[in-house]
Structures are given as C-alpha cells and as structure tokens.
Amino acid sequence: MLFKRFLLVVLASFLAGAITAQNAEQEANLKAAFIYNFTKYIDWGNYDHGSDFVIGIIGDSPVTESLNEIASQNTVDNKRIAIKTIDNASEIKDCDILFIPKKSRFSLNYLLRKARPGVLTISEEAGFAKKGTAFNFVIINNRLKFEANLKAISSAGLKAGSQLLKLAIIVD
Amino acid sequence: MFKLRDISIRNKLILMQVFTSVVVFGIVFGVFIITDVNSYKQRKVDSMISLAQVIGTNSISSIQFQDPEAAKKMLADLHNVAPEIIHAGITNKNGQAFASYSKIKADSFKIPVLKGKAFSFAGEQQLFVSNPIVSNNEIIGDVFLQVQLTELQKIKHDKYGLAFVLLLVALVFSFLIALMVQSYISKRLLKLVHAIKKVGKTGEYNKTLEEDGKDEIATLIQAFNKLMEEIKESQKKKDEFIGIASHELKTPLTSIKGYVEMLNVLEQEQPKKKFVEKTLNNVNKLERLVKDLLDVSKIQSGQLKLDIKEFNIDELLDETIIAAQMVSGTHHIERKDHPDNKMIFGDKQRIEQVLLNLLSNAIKYSPGENKVVVDSEKTEKELIIKIRDYGIGVPKEEQINIFERFYRTKGVSVHISGFGLGLYICRDIINRHYGKIWVESADKGSIFYFSLPLKHSFTTQQTQA
C-alpha cells in the first residue's frame with residue numbers, strides 16, 4: 001500500500017515539476033524562484049551596493065510580479081529585496097541582479113556593457129549565455145533549466161557555488 | 001532420580017567452580033555481545049544519519065532548482081558508497097517524493113512511519129533513517145534511507161560463535177583449575193575418611209592424624225583425634241577392668257573349685273553326689289570363661305607369653321579329641337588323617353587351648369547328633385589342621401569378624417553362651433606361632449583351619465622376627 005502511494009507521489013511530483021509552455025504564469029513563478037535561489041549560491045564579494053538587495057528587470061515581464069511576491073517574504077543576506085523595473089540603462093549600475101526578459105528593448109551587447117562588475121546577469125533567450133549573460137533560462141524536455149557562463153560570472157567579479165553549477169548547463 | 005547429595009564433595013567442588021565460572025563468563029559474554037551489538041547499531045545509525053545529512057545538504061540546490069535528475073544521480077552513487085542501503089528517497093517540503101533510489105534486485109520501498117524519530121529498526125534486519133533537509137533555517141525536504149543490516153547478522157553470528165568457543169575454553173580451564181584446587185580440600189577429607197574407616201575395621205585407636213591448618217577440616221581432624229584419645233582411654237580402662245576383674249574372680253574360683261573337687265571325691269551318696277557333680281561342671285565352665293577373660297587381658301597388655309617347646313602334635317590331637325568327646329556325648333569326633341608323630345615347635349598348652357576351643361565351637365554350633373571331622377595336612381613348610389562341622393555355618397560376610405574380640409555371630413548366638421572371646425584368643429595364639437587361622441564355608445557347616453609352621457621354618461621365622 002505504502003509503496004503504491006509512494007509511486008503515485010513520485011508521478012504527481014514529476015507532473016508538478018513539469019513546465020508546459022501554455023502555463024506562462026507557472027513558468028514565471030518558477031523563474032522568479034530560481035532567481036531568488038541563485039542569490040543563495042552567488043557570492044557578491046566586495047560588490048556591496050547599498051542597504052537593499054536590488055533585482056532589476058528590463059521592461060515588463062511576468063516574472064516581476066512573482067519576484068515581488070518573493071521579495072515581500074524573503075531577504076538576501078538580511079537585506080530587503082527591492083524589485084526595480086528598469087527603463088533607463090543608467091539604472092543598471094545600482095542592481096545586484098539584472099534580469100533580461102525576452103524581447104528586451106535594449107540589445108544584449110548594450111546591456112552587458114552597462115552592467116559593470118558586481119551585477120549578475122540573467123536572461124531567458126536561447127543562446128544568450130553563450131553571448132555573455134551569467135545565467136540563461138532554457139526549457140528542456142518541458143523542464144526549466146539554466147545555462148551558466150563561467151567566464152561571464154568570473155568577469156563580473158562573482159563566485160558561483162558548486163552546488164549551483166552542478167545543476168547548470170555550462171556553456172562557456 | 002539425580003540427587004545432589006549423592007555426588008562426592010570432590011565432584012561437588014568441581015561442579016560448583018565450573019558452574020560459577022560458566023555463569024560468570026556467560027553473563028560477561030552476554031553483556032559484551034549486547035553492548036557490542038548495540039554500539040554497532042548506534043554507529044550504524046550515526047553513520048547513516050550523517051550520510052543522510054550529506055545527501056540532504058547536497059540535494060538542497062537540486063530541490064531549490066527542481067532538478068530531480070541531479071538528485072537521482074547523486075543517490076545512484078550510493079550503490080558504490082554505501083552498498084548496504086537498499087532504498088533511498090528525497091521528499092520535498094510537502095512530503096512529495098522528489099527523487100528515489102533502489103538498489104538493484106531490492107524489494108519495493110516503503111517509507112516507514114517514523115513519527116518524527118530520526119531512525120527506527122525493522123526487526124534486526126533493517127534500519128530506517130530520516131533526516132530533514134534544512135536550508136536557511138527552513139525545512140525544504142527530507143532524506144529517507146533504508147539500510148539492510150547484513151553485517152549485524154554476521155557480527156552477531158561471529159560474536160555468538162566466539163563466545164561459545166570462549167565459554168568452552170573457560171569451562172575446560174575452570175574444570176582443570178577446580179580439579180587442582182579441589183584436591184586441597186577433598187584430599188584431606190578423604191584422608192580423614194580413610195583413617196576413620198581403617199579404625200573402624202582394625203579397631204586400632206592409637207592412630208592420630210596430623211593436624212594442619214586452622215580450617216573446618218583441621219577442626220574435624222582435631223575432633224577425630226580427640227575422639228580417638230577418648231576411645232583409647234576408655235578402651236584402656238575397660239582392659240584394666242577386665243584384667244582386674246578376671247584376676248579377682250579367679251582367686252576365689254580356684255578355692256571354690258578345690259573344695260568342690262574335694263567334695264566330689266568325698267561324697268558318694270545320691271542325690272548329693274549328683275548335685276556336687278553339677279556344681280563342679282558349672283564351676284569348670286565358669287573357670288573357662290574367667291580364664292578366657294584373663295587371656296584376653298594378657299593379650300591386650302602383652303603379658304601372654306608362650307612356652308615354646310618341641311612336642312608331638314599327633315598325640316596332642318588325639319588327646320584333645322578324647323577330651324572334647326568327653327564333654328559332648330552326642331557328637332562323634334572323627335580323625336581322618338593317620339597319625340605319624342609329627343613334631344612341632346610351640347606352646348603345647350596353648351595349641352591344646354586352640355584345638356579345644358575350635359572343637360567345642362564345632363560341637364556348640366552343630367546342635368543334635370552330628371559328627372565333627374578333624375584332619376591335618378602337611379606341606380613343605382607348615383602343618384594345616386582342619387576342623388569340620390556340619391552345623392549352622394558362618395555367613396560369608398561375618399567370616400572376617402568372628403575372630404574379633406567380643407564378636408558374636410548375629411541371630412544364632414542368642415541361644416549359645418559365651419563371651420565371644422574364644423576365636424579372638426585362638427587367632428592371637430596362632431599368630432604368635434607365626435601361623436594363620438581362617439574359616440571357610442562348606443556345603444553344610446563350616447571348616448576352621450589353622451596353620452602352624454613346621455619345626456625348621458618356625459625357627460627361621462622366629463629368628464627373623
């Protein structure tokens with residue numbers, strides 16, 4: 001009996017973990033959770049910006065809402081989490097994390113240039129990690145995964161934990 | 001039915017020691033095994049909880065980033081790291097299965113109800129361990145491990161085997177030690193028992209045992225020695241009494257006998273003559289008893305002296321037979337051998353006393369008209385005289401005892417008078433002649449034998465002595 005129940009639970013959890021393209025809300029939630037979880041494995045070192053931990057989002061994204069929810073309940077290194085929608089590239093310098101949603105107004109190269117060391121860049125466009133973002137969300141087999149560009153992480157002056165990197169698809 | 005009391009003290013001591021050591025060793029080994037098994041279990045629990053902690057820590061990121069594949073891959077490594085784990089599972093904070101692992105050929109995995117406990121044992125075979133996965137003070141899941149305790153069975157089996165072998169060794173050693181130690185106690189006891197038995201048999205009360213130590217056995221030996229002393233003392237007093245009494249009785253008796261004999265000569269008128277004769281008969285009987293007592297007293301005090309001279313034993317035999325025949329008219333005493341004037345060295349009077357005693361016994365113990373046969377046999381060294389009767393005989397178990405002082409055969413002696421001194425005196429006289437006296441049972445009645453060394457061998461034995 002117990003075994004059967006366990007099997008059922010296993011199946012259910014796999015289903016729950018699966019991402020369907022239709023379910024955009026769920027995807028956004030997951031991405032927001034991932035972004036928050038990244039903070040637990042990233043060492044910002046000396047790049048300490050201010051009293052708040054700032055997550056910047058270029059333009060509008062469904063992730064913003066989910067992140068706001070997380071920010072209201074959690075902290076990073078005992079700092080309040082501030083979610084900022086960025087319309088002006090000059091604001092990028094205050095961010096600890098910069099999330100670049102699909103169809104961003106700015107070109108990737110422009111954004112990467114603006115993002116000085118100490119900013120963790122996260123994108124969700126195929127091939128962006130290869131082009132220089134630290135992490136990039138991809139969907140493989142209906143599951144949300146992420147690519148990691150080690151060069152980008154180190155050139156941003158950050159350190160990523162091995163527990164994080166073991167789950168990442170290393171691209172460069 | 002087995003009785004503890006029937007076992008000798010020696011065996012009891014051994015049994016006690018062996019039993020004690022086996023019980024003690026058994027308890028010690030039992031405690032050791034239990035402690036060992038428990039400590040093994042505790043170690044296993046500790047190591048499995050540590051392993052679960054490591055698994056938990058390593059799967060934090062997998063849970064956070066919802067990557068069950070990574071967790072599964074990590075769990076798969078258990079196959080090499082901890083082969084005794086047959087099932088492993090990770091659940092998320094809602095208790096839903098996140099990743100699992102099953103050893104090949106393992107049965108289905110059941111998540112046990114641990115009720116908040118970190119571990120539980122399913123019998124002696126399996127161990128369940130659960131450990132929460134904590135990230136930033138928040139429980140984000142649990143790790144479950146099901147461990148097959150194959151090693152525990154092996155350890156138990158080995159320990160029990162070892163304990164059994166050691167117990168056997170301890171048994172053998174304790175037996176050997178007990179065997180050595182017991183002799184210290186039982187040897188002395190047995191020595192005492194032996195001494196008591198010997199005294200009981202020989203009646204020699206002058207032997208004392210050496211007192212060693214101050215324990216109970218030494219006290220027993222002391223008591224025994226004191227008892228011997230007292231017996232010796234009372235024995236001595238008795239002997240003295242017999243000596244004095246027989247002596248004091250003899251003097252007036254001699255005088256009475258003299259007067260009665262005189263009366264017997266003077267008195268011719270019936271029925272006075274008959275009364276005198278009866279009196280004389282009884283006086284003679286009384287005199288023989290007193291003489292016996294006197295002889296015993298002499299034997300005891302060592303005053304019995306033999307008057308050794310050479311004499312004709314054949315003549316003595318004939319004379320004695322006639323004398324005995326006179327006493328009993330109803331019996332027929334018959335001599336079987338042919339007299340050939342055999343010469344013997346010895347005290348003629350004492351040998352006559354022995355012969356008379358044996359003949360009167362033969363007559364006494366064969367009531368009615370029976371014959372008594374006297375026979376002799378000459379060997380190279382000695383002359384054996386046989387006196388055979390057809391009477392009641394002597395039971396085998398009493399044959400050794402009848403030569404003892406004051407011994408009377410059981411049951412039959414009630415009707416037959418005497419002190420039970422005759423054969424004792426006979427044995428002493430014959431022993432002093434370096435001969436032997438003994439009795440054998442015949443199909444009816446008994447045969448009394450005594451041997452006397454012939455002239456030449458008697459002298460050699462005398463010089464040796």
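Student: Where in chain B is the place of Gln66(B)?
Tutor: In this model, which is predicted, Gln66(B) sits in the loop that runs between α1 (9–64) and α2 (68–76) of chain B. Its phi is near 50°, a positive value in a residue other than glycine.

Student: What makes Asn78(A) exposed?
Tutor: The cut-off for exposed is over 50% relative accessible area, and Asn78(A), with 75%, is therefore exposed. Asn78(A) lies in the loop between β3 (75–76) and β4 (79–86) of chain A, and it has a positive phi of about 65° although it is not a glycine.

Student: What is the omega of the peptide bond that joins Gln270(B) and Pro271(B), and what is that bond called?
Tutor: Omega is about 5° there, and the bond is a cis peptide bond. Pro271(B) belongs to the loop between α5 (216–266) and α6 (272–301) of chain B.

Student: Why is the pair Arg105(A) and Asp87(A) called a salt bridge?
Tutor: The term requires a side-chain nitrogen of Lys or Arg within 4 Å of a carboxyl oxygen of Asp or Glu. For the side chains of Arg105(A) and Asp87(A) the N to O distance is 3.7 Å, so the pair meets the rule. The pair links distant parts of the chain, with Arg105(A) in the loop between β5 (97–100) and α4 (108–114) of chain A and Asp87(A) in the loop between β4 and β5 of chain A, 18 residues apart. Arg105(A) counts as exposed at 57% relative accessibility, whereas Asp87(A), at 48%, counts as partly exposed.

Student: How do you know that Lys93(A) and Asp94(A) meet in a salt bridge?
Tutor: Their side chains have an N to O distance of 3.9 Å, which is within 4 Å, and the pair therefore qualifies. Lys93(A), at 45% relative accessibility, counts as partly exposed, and Asp94(A) is partly exposed with a relative accessible area of 34%.

Student: Where do Asp158(B) and Lys154(B) lie, and how many residues apart are they?
Tutor: Both lie in helix α4 (residues 150–202) of chain B, four residues apart, about one turn of the helix. Lys154(B) counts as exposed at 53% relative accessibility, while Asp158(B) counts as partly exposed at 39%.

Student: Why does Asp337(B) count as buried?
Tutor: Buried means under 20% relative accessible area, and Asp337(B), at 13% relative accessibility, therefore counts as buried. Asp337(B) has its place in the loop between β7 and β8 (343–346) of chain B.

Student: What makes the pairing of Asp337(B) with Ser376(B) a polar contact?
Tutor: The rule asks for a pair of N or O atoms within 3.5 Å, one able to donate a hydrogen and the other to accept it. The side chains of Asp337(B) and Ser376(B) are in polar contact at 2.2 Å, which is within that cut-off, so the term applies. The side chain of Asp337(B) also makes a polar contact with that of Arg335(B), at 2.8 Å. Asp337(B) is, moreover, linked in a network of salt bridges with Asp314(B), Asp318(B), Arg335(B), Asp340(B) and Lys342(B).

Student: How do you know that β9 and β10 of chain B pair?
Tutor: Two strands pair if DSSP finds at least two bridges between them; strand β9 (residues 371–378) of chain B and strand β10 (residues 382–388) of chain B have six bridges, in the antiparallel sense, and therefore they pair. Within this pairing, Val373(B) stands opposite Arg388(B) in β10(B).

Student: What makes β7 and β11 of chain B edge strands?
Tutor: Five strands of chain B form an open sheet in the order β7-β9-β10-β12-β11, with mixed pairing. The edge strands are β7 (332–335) and β11 (436–441) of chain B, each of which pairs on one side only. From one strand to the next, the twist averages 20°. Helix α7 (residues 313–327) of chain B packs on the sheet, where it touches β7, β9, β10 and β12 (446–453) of chain B, and its direction makes about 170° with that of β7(B).

How values were computed. Residues are numbered from 1 along each chain as its sequence is written. Chains are lettered from A and ligands numbered from 1 in the order in which they are written. This is a predicted model: local features need pLDDT of at least 70, side-chain atom pairs count only at pLDDT 80 or more; totals for chains, interfaces and linings use all residues. Side-chain values use heavy atoms; hydrogens and water are left out. Helices (H or I, at least four residues) and strands (E, at least two) are DSSP runs, numbered from the N terminus. Axes are lines fitted to C-alpha atoms, for helices over the stretch in contact, and angles run from 0 to 180 degrees between N-to-C directions. Contact means heavy atoms within 4.5 Å. Buried means under 20% relative accessible area, exposed over 50%, partly exposed in between (1.4 Å probe, protein chains only).
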